[in-house]
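Please keep the sequence and the coordinates at hand while reading.

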Amino acid sequence: MANSAENSAGYVKTQTLRVVEESEPLELACGKTLGPIDVAYETYGKPDATGDNVVLICHALSGNAHVAGLNSPNDRKPGWWDNMVGPGKGIDTNKYFVICSNFLGGCSGTTGPSSTNPKTGKPYGLDFPIITVADMVRVQKLLLDKLGVKKLLVVIGGSIGGMQVLQWTILYPDFVRSALPIATTSHLSAQSIAFDAVGRNAILADPDFADGLYHETGQPARGLGIARMIGHITYLSEESMREKFGRKLRPARAGLRTAEDYNYDFASEFAVETYLDHQGQSFVERFDADSYLYITKASDYFDLAKDYGSLNEAFANVKSRFLVVSLSSDWLFTPEQSREIVDALAANRKDVSYCNITSPYGHDAFLLEVDALGQFICCFLKATYDPFNRKPCSCYAQRGRKSPLLEQPHRTRVDYDLIESLIEPNSSVLDIGCGQGDLLANLLRDKNIKGEGIELDQELVLDCVCRGIPVIQQDVSQGLDYYGDKSFDYVILSQTVQTLKNPQDVFLEMLRIGKKVIVSFPNFAHWKSRLQMGLLGKAPVTGSLPFEWYNSPNLHFFTLKDFDRFCDKLGVKIEKKIALSGTKLSPIRFAPNLLAEQAVYVTSRELAFDQQSI
């Protein structure tokens with residue numbers, strides 16, 4: 001495979017491999033058997049000497065094996081994820097050996113309802129057995145076995161592709177080193193099933209459907225076009241449709257009224273109508289109606305909680321590292337649905353990171369948000385494949401940012417130094433508001449801890465992912481219910497408690513999930529603050545409180561004495577109380593409420609107190 005241009009995957013040939021013979025058919029989840037089964041696939045890059053660099057990409061409903069590059073010089077456009085796969089891109093084909101196959105039931109070379117039924121010599125049509133996402137994954141595994149792949153560095157996919165990713169980690173826990181499900185769900189909502197049902201009914205009601213045996217007479221174009229139009233609406237967001245179309249009319253054409261006038265008939269005249277007409281027509285030209293029926297039904301049946309008893313049980317035995325990505329404006333597979341996956345993985349104490357990428361493009365953003373998503377993929381792959389390589393990811397150079405990997409974890413705050421000294425080696429640590437992961441990186445290096453972080457800022461989450469630190473993007477005020485009681489040796493909240501809207505609720509949750517809770521905060525009773533307030537009559541601005549009143553993130557202004565009373569009220573044991581001044585690590589013992597700029601507390605609480613009324 002040669003590159004046709006810089007950063008292009010070049011020309012690639014779609015290959016087909018028989019993975020199941022007719023004489024030994026594959027038993028499907030529905031109880032029926034299927035054989036033979038052929039799989040269409042493409043590969044990019046080269047496997048390394050150990051076979052550790054294999055990336056499997058799982059496509060969505062309308063995708064295929066042609067993920068990047070061109071099949072021939074006459075191609076009008078490259079593969080469906082060409083902006084993500086290629087030399088120097090998010091999935092760098094100079095580093096990784098990439099495989100993408102058309103899944104079972106598809107219509108782009110892999111056996112599906114439009115394939116020839118060996119018993120009749122004609123297309124299967126509706127004689128094709130009902131398939132599931134698990135069946136798709138089992139067939140992919142047979143392909144990889146035939147290709148000699150012994151393990152996967154990562155399996156990546158969005159939408160229905162993301163369902164396959166989750167299924168891969170459950171069915172083959174020892175085969176998959178890491179997983180990157182994007183804009184997906186563990187089960188479809190009733191609303192999503194309803195949209196699928198309407199699309200299928202449009203196809204089934206088309207007179208040209210002919211009970212699925214339309215292949216000689218022409219497929220049900222009207223029904224399939226309507227199904228695509230319905231589905232495409234769910235891929236967009238209200239914001240993106242408003243910005244792209246609004247209430248604009250189509251451009252004026254010869255013999256028709258101008259774009260400013262209504263036609264007063266039922267022909268498509270709004271820009272959004274003609275756009276959907278185009279989407280429906282172009283889909284009919286490249287897709288098969290029977291495949292649409294079978295694939296949407298497979299996605300409807302996908303329900304990990306039902307299959308395994310609960311979502312927590314579904315992920316109980318997975319061994320992969322996870323990066324779960326959702327998209328803020330996706331209302332088909334919502335961020336809340338991704339969080340259900342993340343919460344179940346976190347409850348099982350799996351290595352999971354999560355980011356909700358801000359985007360106006362709805363579900364389609366996993367194809368359109370090239371920069372943001374590409375950076376996360378690039379960092380996650382690098383941290384998994386070569387965790388000890390200190391060279392920065394290419395995505396950092398592209399963004400003009402300094403990679404956190406350029407330096408050893410550095411010490412920028414005196415409370416970090418003190419907190420690190422309080423942590424026992426080989427402990428489990430949750431750092432809430434972990435920033436770019438400096439404290440966790442120090443602890444991983446110096447104390448061999450098992451560390452996890454929670455951070456709200458998307459850029460800082462990316463920094464943690466690049467460092468290989470598991471991090472969940474979340475406002476901690478939303479709760480930590482997914483963590484079990486006393487599931488961490490230490491829970492840390494450094495220089496953040498004063499910014500929380502509900503510090504009591506957060507503090508109690510930390511005490512529930514942590515055997516010990518370490519809190520650091522600035523002391524608003526420091527003498528410099530008192531002096532500015534008392535003599536100058538102004539809100540204090542100091543080295544530890546470098547904010548004006550109008551741009552301060554601080555919501556609560558409290559002192560060491562206030563926190564002492566707070567702990568006493570909640571029945572919290574203060575195991576250590578260390579008052580600090582400036583950058584000096586030595587504690588202040590005389591008049592700490594006056595002389596200390598900040599304090600570090602080590603606290604604990606027995607679960608027996610958790611149910612008491614406060």
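**Overall dimensions**

The structure is a predicted model, and the values below should be read with that in mind. The chain has 20 helices and 21 strands, and its C-alpha atoms fill a box of roughly 90 × 65 × 55 Å when the box is taken along the principal axes. A compact globule of 614 residues would have a radius of gyration near 25 Å, and the 28 Å found for the chain agrees with that expectation. Of the 614 residues, 54% count as buried. Where contacts between residues at least 6 apart in sequence are considered, 70% of them join residues at least 24 apart.

**Helix H3 and its two partners**

Two packed helices are described by the angle between their axes and the distance between those axes.

| Pair | Axes come within | Crossing angle |
|---|---|---|
| H3 (residues 190-204) and H4 (residues 221-235) | 7 Å | roughly 165 degrees |
| H3 and H7 (residues 289-301) | 10 Å | roughly 160 degrees |

For the pair with H4, the axes cross at roughly 165 degrees, and because angles over 145 degrees count as roughly antiparallel, H3 is roughly antiparallel to H4. The crossing of H3 past H4 is right-handed. On the H3 side the contact is made by Phe195, Val198, Gly199, Ala202 and Ile203, while H4 contributes Gly223, Leu224, Ile226, Ala227, Ile230 and Thr234. Sorted by class, the residues of this contact comprise eight nonpolar and three polar ones, with no charged residue.

For the pair with H7, the axes of the two helices cross at roughly 160 degrees, and this makes H3 roughly antiparallel to H7. Here H3 passes H7 in a left-handed crossing. The residues of H3 that take part are Ile193, Asp196, Arg200, Ile203 and Leu204, and they meet Ala289, Tyr292, Leu293, Thr296, Lys297, Ser299 and Asp300 of H7. This contact has six nonpolar, two polar and four charged residues. Ile203 is listed in the contact with H4 and also in the contact with H7.

**An enclosed helix**

Helix H17 spans residues 503-513, and eight of its 11 residues are buried, so H17 is largely enclosed by the rest of the structure. The buried residues are Pro503, Val506, Phe507, Glu509, Met510, Leu511, Arg512 and Ile513. What surrounds them is a set of strands together with a helix: the buried residues of H17 pack against strand S15 (428-432), strand S18 (488-494), strand S19 (514-522), helix H19 (560-570) and strand S21 (598-604).

**Backbone features in loops**

A cis peptide bond joins Gly35 and Pro36, with omega at about 0 degrees, and Pro36 sits in the loop between strand S3 (33-34) and strand S4 (37-44).

Which residues other than glycine have a positive phi? One of them is Asp211, whose phi is near 55 degrees, and another is Ala591, with a phi of about 45 degrees. Asp211 belongs to the loop between H3 and H4, and this residue is exposed, with a relative accessible area of 60%. Ala591 is found in the loop between strand S20 (573-580) and helix H20 (592-595), and at 28% relative accessibility Ala591 counts as partly exposed.

**Two further residues**

Val54 is placed in strand S5 (residues 54-58) and counts as buried, at 3% relative accessibility. Leaving aside residues up to four places away in sequence, Val54 touches Phe97, Ile99, Val149, Lys151, Leu152, Leu153 and Val154. Between Val54 and Leu373, which are 319 residues apart along the chain, the C-alpha separation is 20 Å.

Glu238, by contrast, counts as exposed at 54% relative accessibility, and its place is in helix H5 (residues 238-244).

Definitions and conventions: Residues are numbered from 1 along each chain as its sequence is written. This is a predicted model: local features need pLDDT of at least 70, side-chain atom pairs count only at pLDDT 80 or more; totals for chains, interfaces and linings use all residues. Side-chain values use heavy atoms; hydrogens and water are left out. Axes are lines fitted to C-alpha atoms, for helices over the stretch in contact, and angles run from 0 to 180 degrees between N-to-C directions. Helices (H or I, at least four residues) and strands (E, at least two) are DSSP runs, numbered from the N terminus. Angles under 35 degrees count as roughly parallel, over 145 as roughly antiparallel, 65 to 115 as roughly perpendicular and the rest as oblique. A crossing is left-handed if the near helix is turned anticlockwise from the far one by less than a right angle, and right-handed if clockwise. Contact means heavy atoms within 4.5 Å. Ala, Val, Leu, Ile, Met, Phe, Trp, Tyr, Cys and Pro count as nonpolar, Asp, Glu, Lys and Arg as charged, and the others, Gly among them, as polar. The radius of gyration is taken over C-alpha atoms; the globule rule is 2.2 Å times the number of residues to the power 0.38. Buried means under 20% relative accessible area, exposed over 50%, partly exposed in between (1.4 Å probe, protein chains only).
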